[in-house]
Amino acid sequence: MAQPVVHDKLPVPPGKSGCPINRTIELLGDRWSLIVLRDIMFGGNTHFRELLNASIEGIASNILANRLAKLVDAGLLTRHDDPSHRQKVEYHLTEAAIQLVPVMAQLGAWGARWLDTTPELTVRAELLAAGGPPLWERFMTELRATHLPGAPAPADGVLAELTAAYHEAVAAADSSGE
């Protein structure tokens, strides 16, 4: 029998129980943590102001600051000075956050299946679900190149495909008068 791969654990305080589902919910189950990770992962937003202004859910600046600090402390994001501006910082996904792509894909697929959603905001979830693990692996590889060493995302990568599909769905919704 193969031994499980052991990874360094995230630096989070002990939870109410040792149950992995409970521990994950304690870390990510608040109203905003997954939304912040989503906006970095799928929106390509890495600066505070971008995350604040791009949030279609309307996150308050104090809540965003709190969640960013929480996610950095938990080891899901890193915080770096932006070389282009001394008062800006960039937030990047860590390997642990990148490995949430399948979870995000499954959450999106479940929501698209069971909840009333809009076509333009559902198209990416449907594409991720249809692409399955091979697409998720491609996307995680792309995120590693973008967030871990800081290389730019390829113009023809998964994020570009998802973004193009979103823009097409928005244009279709606009032209149909929705």
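**Exercise 1. At what angle do helix H7 (residues 119-147) and helix H8 (residues 158-175) pack, and which residues make the contact?**

Solution. The model is predicted.

- Step 1. Take the axes: H7 and H8 pack at about 170°, and their axes are 9 Å apart.
- Step 2. Classify the angle. Over 145 degrees counts as roughly antiparallel, so H7 and H8 are roughly antiparallel to each other.
- Step 3. List the contact. H7 contributes residues including Leu121, Leu128, Leu135 and Phe139. H8 contributes, among them, Leu159, Leu162, Tyr166 and Val170.
- Step 4. Sort by class. The contact of H7 with H8 has 15 nonpolar and 5 charged residues, but no polar ones.

**Exercise 2. How do the axes of H6 and H7 cross, and how do the residues of their contact divide?**

Solution.

- Step 1. The axes cross at roughly 175° and come within 8 Å.
- Step 2. That angle makes H6 roughly antiparallel to H7.
- Step 3. From H6, the contact includes Val101, Pro102, Ala105 and Gly108. From H7, it includes Ala125, Ala129, Trp136 and Met140.
- Step 4. The contact of H6 with H7 divides into 12 nonpolar and 3 polar residues, with no charged ones.

**Exercise 3. Which residues of H6 are buried, and what do they pack against?**

Solution.

- Step 1. Check the length. Helix H6 (residues 101-114) has 14 residues, which at 1.5 Å a residue should span 20 Å; its end C-alpha atoms are 20 Å apart, in agreement.
- Step 2. Val101, Met104, Ala105 and Gly111 of H6 are buried.
- Step 3. These residues cover an arc of only 130° around the axis, so they lie on the same side of H6.
- Step 4. The buried residues of H6 pack against H2, helix H5 (95-98) and H7.
- Step 5. Turn to the face away from the buried side of H6: it carries exposed Arg113 and Trp114.

**Exercise 4. Which residues of H4 are buried, and what covers them?**

Solution.

- Step 1. Helix H4 (residues 61-73) has 13 residues, so at 1.5 Å a residue it should span 18 Å; its end C-alpha atoms are 18 Å apart, which agrees.
- Step 2. Leu64, Arg67, Leu68 and Leu71 are the buried residues of H4.
- Step 3. Their arc is only 100° around the axis, which puts them on the same side of H4.
- Step 4. Recall the helical repeat: with 3.6 residues a turn, residues three or four places apart point the same way.
- Step 5. The cover over the buried residues of H4 includes helix H1 (20-28), helix H2 (33-41), helix H3 (48-54), strand E1 (77-81) and strand E2 (89-93).
- Step 6. Exposed Asn62 and Asp73 sit on the face of H4 turned away from its buried side.
- Step 7. Look past the helix: Gly75 follows H4 and has a positive phi, near 85°.

Conventions:
Residues are numbered from 1 along each chain as its sequence is written. This is a predicted model: local features need pLDDT of at least 70, side-chain atom pairs count only at pLDDT 80 or more; totals for chains, interfaces and linings use all residues. Side-chain values use heavy atoms; hydrogens and water are left out. Axes are lines fitted to C-alpha atoms, for helices over the stretch in contact, and angles run from 0 to 180 degrees between N-to-C directions. Helices (H or I, at least four residues) and strands (E, at least two) are DSSP runs, numbered from the N terminus. Angles under 35 degrees count as roughly parallel, over 145 as roughly antiparallel, 65 to 115 as roughly perpendicular and the rest as oblique. Contact means heavy atoms within 4.5 Å. Ala, Val, Leu, Ile, Met, Phe, Trp, Tyr, Cys and Pro count as nonpolar, Asp, Glu, Lys and Arg as charged, and the others, Gly among them, as polar. The expected span of a helix is 1.5 Å times one less than its number of residues. Buried means under 20% relative accessible area, exposed over 50%, partly exposed in between (1.4 Å probe, protein chains only). The arc is that of the directions from the helix axis to the C-beta atoms.
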